[in-house]
Amino acid sequence: MAWRQAFKRKGYSLLNISGLAIGIASCLLILQYVAREWSYDNFHPKADNIYRLRLDSYQNGRLAYQSATVFPAFAPALKTEMAEVANACRLHDAEMVITNPENNIKFAERKGYYADPAFLEMFGLKLRSGDPAAALSGPDKILLSESMARRYFGRTDVLGRNLVVKDPNVFQTYQVSGVFEDYPANSHLVIDYLVSYRTLGKLVRQIWGDTTNATETSWGWYDFYTYLELHPDADAKQFREKLPAFVDKHINAPRRERGGSNTVNAIGIIPLQDIHLHSNVNQEAEVNGSGWAVSVLFFSALFILLIAWINYINLATARSLERAREVGMRKVLGAGRRQLIGQFLLESFILNLTAFVLALGLVQAALPLFSRLLGQKLSFSLAGNAQFWLIATTVFLAGTLLAGLYPAFVLSGFRPLTVLRGQLKNAAGGMALRKGLIVFQFAASIALIVGTVVVFQQVQYMRGQNIGVDIKQTLVLEGPNTVLDSLYEGLFQPFKADMEQIPGVESITASAYVPGDEIYWTNGVRWMRRDGEESASSTIYTQGIDEEFLDAYGLSLAAGRNFSRERGADERSCLLNETAAALLGFPAPEAALDEQVVRGGDTLTVAGVIRDFHHLGLQKPIEPLIFLFRPDTRGYYSIKVEQAGGSLPATVAAVQKTWNTHFPDDPFRHFFLNEFFDRQYQADLLFGKVFGFFALLAVLVAALGLFGLSSYNVIQRTKEIGIRKVLGASVTGIVGLLSKDFLRLVVVALLVAAPAAWFIMNEWLENFAFRIDIGWWVFPLAGGLALLIAFLTVSVQSVKAALSDPVEALRYE
């Protein structure tokens, strides 16, 4: 009986199943992504007890920066002095060119770290071979992932084999001390290899002549990711409260005693599992996600599902008059209320089950497209996917109960005598509930539309702004890593001369960083005032450039001059951007000219001030920059190229050939700067696309429900429509009569959604240093779009009813 009743009205069932299937499929797709984002770093056995340190630097009483990396001395000091700390480890970036001397296979590697031995135990790294106790102890040892071992050796049984590592100043031979299982992708760290931490100390001594054991004792070199494992019974809140005194003892108090510093440091801790979604500070190991965006998508999934369930409730209760006599007869024949509730819940189960099976097919079909849209590989397998089935089963059971209970109680509550006498009318309470649910549906839809418009506006604003630097037609090469400093100048100048002879190459310039590349090179800089007054030191980001950099990138000077090789003393000069000049206390760019600034231990003369430009995306404020004249810098080579007649591929090929001639030991690594810079906006653009796609689905599901309700409204008012037509009512009048009640509800939904959408999206925009203001027109646009969709949806049935023959309508009863 339940099966027959569920499909007695095929149109009704089709609307319900379609809406539920789209809602469930949308929810499952979004929750697949959300579950992946929430799963980051959950696989670590000790994840609940591991925290990462964060360095906060305050200068002149303001927060100058926050960094994911801290001083190397923190780890041993905290482990020794803090009872809560069970273990500690440090990581330091280990970018290098690695060669297998047996077959000369070489790659420029980026995804590796110098690591303390404690890392293996703390993070539960699974070794396929090697001794965990000895794998990272002592210098010149390297651990490889299984994939990396296959890349260099073709197999994974490579224990004891050697790899040659080429650094600009030293050539090292590292012994493979172990192979570990490929590191999971859902981690805030990407690890292909680990080099023993003592190797870094050895390199620092060899290259810099360090005698202070800086990798263990420095309280000023903040390039070290530091993780703490707290005892299981330790109170993290109490531990945080002890940190200010610890920092004051080791950093701030000694700095005050030395005098001359306006910097105050603090440290914070963040749980390991929160890093991916809730940490976005300087020097993050990888680009992290957005907890805000994931939460918005999660609630969007729930809203779409609620809209689909509301459709079911509205359509089921709208059919109450149609099914009233059935309920009355069943009760007269002895059916109890429990039996009727079971009957209606079984009908809900059948419809939800049918929709659920259809939704699984939709998910299977849409997942590849959704994965491409996200740029992530999401897996879907009906077998062995416990997490998916947990989510799916929860959604299915919740839908069956939540969507089915209310109609079941309403329909089973009819009194037989009232029903069979034909005295049952639509209850005011039921009508009010249906109207309230329609308002909720369209309020959620309008809010999603507003969010989509605002996200795309902000992204287009960032991408369309003049960033003050010319990044078009710029081919960037990553500089050579294997050339000794003493030989570099003799190799670079011939390379540069050959490059300039290539057709299509307009210019070439060398720099430590390029726009879009986060600068890690920082120093305290202060103005050496001529009046002898003490000037405060500020942290400023350092860029090394040659004399062609400004012209190549179209940077203009607010005052002063550019660097020049002809001036032998320019290596004792510097350039500032306007933000740095203002930060150091200069009242105007011209006032900084020929003044001296102290950077670290060097005294430099300001030769010029560059107009501000955006080195990073508009999510971040313009950073204070100091430019040093470094003709031997080799971080990147920026090549301005022409793009005429499809010659770009030929130009790139010629550039690669020239590179291989001059730097045969270094891989050719290149990218186009506009694409590289634009990557900073991809996460926001992706969020906008996903958000917009599911906003469209939400509106579609709401429209399906409205279509069903308007159909039942027309059926219930068939006689009224016939009488009005006989009395002379026009088609337009009847359409307006049948539509106005629904359209009023959409207007109410707009009034409900507007303030909520404004508040939520304004909070999102606060994450951007340069942002749009939400225009008033966004809300009428979203409301007008919702009204149009609602009107078109309702009009389909209204026009059909208005054009029908009134005689047939009056004969109906």
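## Arg256 and Asp248

Arg256 forms a salt bridge with Asp248, with the closest N and O atoms 3.0 Å apart. A salt bridge here is a side-chain nitrogen of Lys or Arg within 4 Å of a carboxyl oxygen of Asp or Glu. Arg256 is exposed, at a relative accessible area of 54%, and Asp248 is partly exposed at 27%. These classes are set by relative accessible area: buried is under 20%, exposed is over 50%, and partly exposed lies in between (1.4 Å probe, protein chains only).

## Basis of the values

This is a predicted model, in which local features need pLDDT of at least 70 and side-chain atom pairs count only at pLDDT 80 or more, while totals for chains, interfaces and linings use all residues. Residues are numbered from 1 along each chain as its sequence is written, and side-chain values use heavy atoms, with hydrogens and water left out.

The structure holds 26 salt bridges. One of them pairs the side chains of Glu216 and Arg90, at 3.1 Å from N to O. Helices (H or I, at least four residues) and strands (E, at least two) are DSSP runs, numbered from the N terminus. Arg90 is buried, with a relative accessible area of 4%, whereas Glu216 is partly exposed at 27%.

The side chains of Asp140 and Lys202 also meet in a salt bridge, at 2.6 Å from N to O. Asp140 counts as buried at 16% relative accessibility, and Lys202 as partly exposed at 22%.

## Nonpolar surface patch

Phe299, Leu302, Phe303, Leu306 and Phe440 make a nonpolar surface patch of about 390 Å². Patches consist of residues with over 30% relative accessible area and no salt bridge; like charges are joined within 9 Å, and nonpolar side chains (Val, Leu, Ile, Met, Phe, Trp, Tyr) within 5 Å. Accessible areas come from the Shrake-Rupley method with a 1.4 Å probe, and for residues, only the protein chains shown count as cover.

Helix H10 (residues 291-318) gives the largest share of the nonpolar patch, 4 residues. Phe303 is in helix H10 and is partly exposed, with a relative accessible area of 30%.
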